[in-house]
Structures are given as structure tokens and as C-alpha cells.
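Here's a quick tour of one model, written for someone who likes to know the cut-offs behind the words. Have the viewer open as you read.

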Amino acid sequence: MSDDVTPMMAQYLEIKGQHPGALLFYRMGDFYEMFFQDAVLASEALDIALTKRGTHQGAPIQMCGVPVHSAEGYLLALIRKGFRVAIAEQMEDPAEAKKRGYKAVVKRDVVRLVTPGTLTEDTLLEARRANYLCAFAEVREEGALAWADISTGEFRVMTCPGARLGAELARLGPREVLVSEAREATWREVVEEAGAQVTALGRGSFDSSGSEARVARLYGVAGLASFGAFTRAEVSAMGALVDYLELTQRGKLPLLRAPVREASGGTVQMDGATRRNLELTQALSGGREGSLLSVIDRTVTSAGARLLEARLGSPSRDVAVVRERLGRVAWVIEGDRHGLRDALRMVPDMDRALSRLALERGGPRDLAAVRAGLVGAARVAALVAGGPLFDEALLGHEELVGLLEAALVAEPPLLARDGGFVAEGFHAELDQTRRLRDEGRGVVGEMQAEFVAETGIGSLKIKHNNVLGYFIETTTTHEATMRGNPRFIHRQTTANQVRFSTVELSELETRILNAGNLALEIEKGIFERLRAAVLERAAQVAAAARALAEIDLAAGLAELAVSEDWVAPQIEESRAFVVEGGRHPVVEAALRRQGVAFVPNDCGLTQAGVPAIWLITGPNMGGKSTFLRQNALIALLAQMGSYVPARRAVIGVVGQIFSRVGAADDLARGRSTFMVEMVETAAILNQADESALVILDEIGRGTATWDGLSIAWAVLENLQAVNRCRALFATHYHELTALAGKLQGVRNATLAVREWEGEVVFLHEVKEGAADRSYGVQVARLAGLPMAVVERAKVVLEALEKGDRERPSKALIDDLPLFRAVAEAPKPVAKESQVEKRLKEVSADELSPREALALIYELKGLAG
Ligand SMILES: Nc1ncnc2c1ncn2[C@@H]1O[C@H](COP(=O)(O)OP(=O)(O)OP(=O)(O)O)[C@@H](O)[C@H]1O
């Protein structure tokens, strides 16, 4: 056993040393191998076998590997589990290495660092979601956020103070966020809260003077001035992002479009908690099912779906922009444009195909995607001509389309190295070479017939394998005949077969092989030419893709509006908020599946042009939360440029939306329910301005009744007097309803219920006025609380309502033994229904709770 480090191991350790923090996929033939600790981690994460091979410094080398052809699946699993992977490929043919000497190691180098934010493969990406990589930079007091999706080429930047980082990340939902090493501790929690992975980079990456040069180099320009005026923090953020791409993509720079500067005041401000609470892209239970996005997405292309998600995340505050978007949806609806969505359905994901081609990860199928996309663009252009959806970018691609149509077969293979993607008639030499190759195959057949005739062995066959190439095969019974003929050269004997070759067969083989190789080489050359032709027009192709995504979005929203009977909202520069017959799209869809109709409700949050607050009381399960959220969703949908689920809606532009529910644990961060509630409420009271729409659902629920009531009371006053915003405030504290008369602009609303034979029936109808009670006890009964507990609760409630709430009367406490007796009475299993029947016969109003309790006791006693 030797402790020497083998040359290969030395190479491995050197490469590994250059990529700390990443697992190293070390290419060896058809496998990516991992060694040492990497192997231990990967074998566990991937559930694959861990083996040992040789020794290193006296200890066995642990090792595991994945086959190259199925590496993508393993990569995805590792990335999902939070690993980063460096891929080291063989940079030369092993034969080349051998020429240098017996012990020479094949040259290897890392060609790519795979991280969550830098994926481009279809199999590793969600087709209908963007895959953002963000960089957050701080220069003195200023902050900036840059983000890019290298799978589509989108690149944006904005000024972003640290305090807003969480909200912006919640909006974008990035996979990976770059921060400077020095500030990692400060931002880690914020980044992880947004569900992204943190990657810390050294100071050099964020250095703003070097950054400008780096970004300019990417676009081959002298400076960034032509892209707009950027702050130093913005340049630093963009520079860090580009630096990281250079590092991970190893010099093959992605096709990023020129950076677009996003004005920070242009979109509706919403923080992470609000987004979660409104279940925009994910339901509270996790997953997409049950989210607003899942209900409104009618797009038919991946790019359209990604645009929809982006718009839903960033509704506009600009009346003109919103009206223009609504106008496009209206145009589709009014024109009854059949065929538009069918034409769009034929459009593949050109953005992602382009990006793979640029990164040298593309294949013939990506060229075909561009071809189909541009053909589709021309078809769509004809359908939207003369309307607001028309975009010049859709047209003018004839030359490229012509080239791709002439060059490519209808359904090309995924990879260029598979060959067979260039159409016949495109390249004369290729056609000739292919003929030679194919004729060669025909000649093999003729030769076989000749050998059969010559030997008289009818079962003689010419076959091919990778070891022998072409050979003649017969069964061993004919061995003597074959060996008797000097023309046949013996190659191999297996259990039942003997194999021979001849001089002519070997010559033919060389010809076929050469022709095959030559054909493939010609095809690869053509691929490169086509790829260059596409990339030369990358900007125009990307513009066409963007135009198609916009059209798909508008057509999808039109389809939604028509099928769900939604209405065009009226958007204006005011504080108006009028919704007539509003519905909650997700609850409505869920109820429809159960065959239940949704009860539409009105909402008006302005009084004489001034923001108003609705104080909503009502029974549990009455529909308060649904009503609150549906109004926020209607504002949000309207401002993203969609029709809304209502009969009529007038929305004065909303600048901020805040939504809070009074009880959401955050045990993971060690905060109590109440603490979370108060932190979030504080954020609203500190941030909400007059343009805000605030939704507070049972604030104060997390603490003792009187503390909770006092807090809710003061919060309501603050909203009315200080924040002066439009708000919906749901509460169980009926005491608050007294404020309606006193605070200007505060109105009471309640959810109607009807009582029927002691049971509550929810009408889900919002009407003016205050609820007289919560019906909590009745709801508890509906939920199946033991009858004795329900009845006891009624007694306590009545006593409390009459007497001193803080000090329950002695009589009430003295009742306890009676309650125990009832609760502990043997359960008359079979007769329980009889008890209930009797109870229902005597209307609850006729009996005092005590009498009811006595009745139960009596009945139970009887039954027992
Ligand atoms: N407008 C409506 N039309 C029909 N059904 C509705 C309507 N609003 C709510 N519901 C139904 O009532 C259920 C309860 O609604 P919601 O959660 O909004 O009640 P809530 O008053 O907030 O209750 P709690 O106070 O217990 O949280 C919903 O799941 C839905 O099935």
C-alpha cells in the first residue's frame, strides 16, 4: 500500500482546492466521480452507494459516482438540497494524454459551477417560473438590488434601501442572493425568509469602480452611460452579479439584455407577510394549488406564465400603464379573437432556447424552437394587426426563418452530436457523404448475399459491434467450412458462434465509418453556423419573444374575464374604493367544485372622497376573512391590468397593500404568535400612507382579552387619524363598534346570520351595522364540542354578560359540581340521539341555560 499521491489524485485535489464550498463532479469516462467528504455528502443526499478505492495518505479514499447521461437529475436533487456543484470535464481525448507518457493524466478543468440561481437546463428549471439570481449591494448609506434570469436574459436593477430588501425579495422570489461577505450576517435571515440561498462574495466583487468596467465589458461598450444613469450602489450590485456569472459560467457569458433600471415607486408596495397572507403564488398550506395564481393563470406559453407571475408580484401604481394594459385585454374580449390562443400554443420557449444557445449548452432542438417561435410570431402578428397588442418586433424575421427552415429537419434531436438534424438538400457535400454512408450500408447487404452464395451457408450474417466493427457470423457448426476458405480471416469464437472478416469487409467498414464521421463533422459545422446566425439576431428574437409573452398574458386574462364573468375595473387617480358584487376568486372556485354559490358583497372605502375604514364584526365562519381578502385581491388584480371578480369596481390607485391575520406562528424563529402579530402591526402603522389599503384580521387575538381589545382600539384610532388610509378591520371585540359613531370615516359592517332552532345559518352577506354577538358557542357546537361543554359555556357566557366579567360570581363557580356530574355521567351511547331529539323539541328560548343543563342531566340519568 503506498501513501504516494497519484498524479490523478494530485490533479483532483488541486481542482477541488480551487472550489471550496462546492461538491466536485470529477469526470472519469462515462461517470462523474466524487471523492472524500464530497462522496460521503453526495451519497447520503442522493441515496447512492459509497465505495472505497485505493488509499490517500494511508486512509482509504471514499468515492461515489453518477453516470454522465443521467447527471442532470442528480444535479437537480443536490441543488434542491442546498449544494453547489463544480463540474470538472476532461479537456482532451485520453489518447492525447497517453502520447505524453504512460503516467500522464488527462487534462481536466471546471467548466461550470452549478448553483440555484444559474440554472439553464429545461430539466432543472420550472418552465412557468422565472429563476432569479439577485445581488444586493451597499455603498455608504445607499442600497441597490440587481437581478437576472440567465435562462431568459432578463436583467434589472433598482435602488433598494436595506429596510426594503425583504419586501423586494418577497416580490421576486429569487433562488439565490449574492451579498458581500462583510454583510452576510446582517442579511442572511432576510434572504432565507424569502426562501432563497445566500451566497457571500468577497469585497472585490462589489467594488463599484471595477464593477462598471465588468458590466461594460459584458456588452462590449465603453461605459454604462448609454443604458441610463445608475447610482454607485446599482453599479456595484450589477457588477457583483456579472462577476458571479463569470465565475460560475467560466467565461461563457450568458446573453443578458441591457440592464433596465426599475423605478422603485412604480409598483404597489407589498411585503412578504402580505403576499403570503393573500396567497398570491402559494397557498398558506404551501404549494401552488389554492393560490390566486393557480386560479387566474390561463396563459398557454411558458413565457406568458412567467410574465403573469411577475405582474401579479408587481401591480402598477401608474394609472396610464394600468389603463393601457386593461385596454389590451378589452381589445381581445371585444374582438372575440378566436385562433389567437391556438396560434400562441404553437410558440415554444424562445427565451430559454436562446440562452442555452448563447451558453453553448444548446442543441438542434433549440434552433427548432427559435424557428417555430418566429413562425408563430408572424402568424400572431397577422391576428393582432391594427390593435394595441401589435408589436413591430413580431415581424421581420423572414431571413432567419428561411435559413432555419431550409437547414433543419422537422423534428431534430436534442444534441448536435447525435447528428441527423440537417435537412436534405441544404448542403451538397453533406448529402453526398450521407449517400456514401448509406450506400455503404446497402453494399453490406449485397456483400452478405455474395458470401452466402459462395459458402452455401444460408444463415450467414454480416453484423456490427463496437469491438469488432463489421464481421461475418455463422454458427460453430459451419466453422470448418469457413476456415477452409482462405478469404475468411478468423476473429472470434463464442459459445455458439464463430466470427470472421475479409479484406473487402474491412475496407468497406473504413469507408462507411469515414463517411459517417465526416457527415457528423459537417453537421456540427452547420450547427455552429446556424447558432451564430440566431445569436446575431438574438436581440430581435428576444424582443419577439417578449411581445408574444405580452400577447399571451392579455389573451389569458381575456379568457379568464370572459369565462369567469369578470368586469373591467375603472382605475383613477383618487382615494376611491367602490366594489359592487365583489367575489373572492379562489374561494368562489373552491365552492363551485362543491356545487355551492358564492355570495357577492359590496364594499366602499371612501366617504366624501376621504379614505374610510370598515369595522367588521360577525360570527366566526361568517366570511370575514374572505371578504377582507377579496377586496385586497380586487385592487391588486385591477392594478396588474386584469379584469376583476365583481359587478363594478372603481379603484383609486392603491400604492401599498398590507394584510395581516392575528395569529400566525413563527416558531421557527422563536417568536410567539403574539410577538409576530405585534411586529407586523408595527410595520403597518409605521409605513402605511394615504395611498395604502390595509387589511387587519383580528388584531389582538393573541393575548388576553382586555389587552387585545385595548391594542385593537388604539390601532384603529391610529389608522383613522395618522395613517388616514383605506382599511378593513375585522374583529371579535364588539366594544370597538362604539367607535363607529365617534371616529370620522369609521363604519360598522357585519356578516349576516340567521338563527334557526338554536342553530346559526351563515348568509355570508355583508351589511351595514354591528353584530350583536359572535355566536362562538353555536359554532363550537356545530364543530362537535361535547354537549355538556357547550351548555356549560352558555351558562358562563350569560352570567358573564350580566355580571362583572373580571370577577365571576360565586354562584357561577358553585355551578361547577353540576357540570362535572353531567360531563362525567356514563355515556348513553345508543340513546344519545334521543337526548338530542328532546333538546331540539324544547326550543332553547323556552329554557334558561340552567334548565337546559338540568334537562340534559335528567335525560342522561334516565338513559343511564
Ligand atoms: N361570500 C361567501 N359566499 C359563500 N360562502 C362563503 C362566503 N364567504 C365565506 N364563505 C364560506 O365560509 C367559510 C368561512 O369563511 P371565513 O374564513 O372568511 O370566515 P371568518 O368569518 O373569517 O371566520 P373566523 O372568524 O372563524 O376566522 C369559507 O371557507 C367559505 O366556505
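## The annotated site

An unreviewed UniProt entry lists Gly 618, Pro 619, Asn 620, Met 621, Gly 622, Gly 623, Lys 624 and Ser 625 under "binding site". UniProt positions are given in the numbering used here, feature names are shortened, and annotations may be inferred rather than shown by experiment.

Before going further, note that this is a predicted model: local features need pLDDT of at least 70, side-chain atom pairs count only at pLDDT 80 or more, and totals for chains, interfaces and linings use all residues. Residues are numbered from 1 along each chain as its sequence is written.

## Gly 623 and Lys 624

Gly 623 sits in the loop between strand E22 (613-617) and helix H23 (624-640), while Lys 624 belongs to helix H23. Helices (H or I, at least four residues) and strands (E, at least two) are DSSP runs, numbered from the N terminus.

Gly 623 counts as buried because 23 other C-beta atoms lie within 10 Å, and Lys 624 is buried too, with 25 C-beta neighbours inside 10 Å. (Buried means 20 or more other C-beta atoms within 10 Å of the residue's own, exposed 12 or fewer, partly exposed in between, with C-beta atoms placed from the backbone.)

Setting aside neighbours within four places in sequence, Gly 623 is in contact with Leu 751, Phe 762 and His 764. With residues up to four places away left out, Lys 624 touches Ile 616, Gly 618, Asp 697, Ala 730 and Leu 751. Contact here means C-beta atoms, placed from the backbone, within 7 Å.

## Around the ligand

The ligand is surrounded by 13 residues, and the closest are Asn 620, Gly 623, Ser 625, Thr 626 and His 764. Helix H22 (585-593) and H23 are the elements that give two or more residues to this shell, and H23 gives the most, with 3 residues. The cut-off for being near is a C-beta atom, placed from the backbone, within 6 Å of the molecule or strand.

By type, the shell divides into 5 nonpolar, 7 polar and 1 charged. Ala, Val, Leu, Ile, Met, Phe, Trp, Tyr, Cys and Pro count as nonpolar, Asp, Glu, Lys and Arg as charged, and the others, Gly among them, as polar.

## Elsewhere: Leu 374

Leu 374 is found in helix H16 (residues 364-384) and is buried, with 28 other C-beta atoms within 10 Å. Not counting residues up to four places away in sequence, Leu 374 touches His 397, Leu 400, Val 401, Val 541 and Ala 544.

Technical notes. Contact = placed C-beta atoms within 7 Å.
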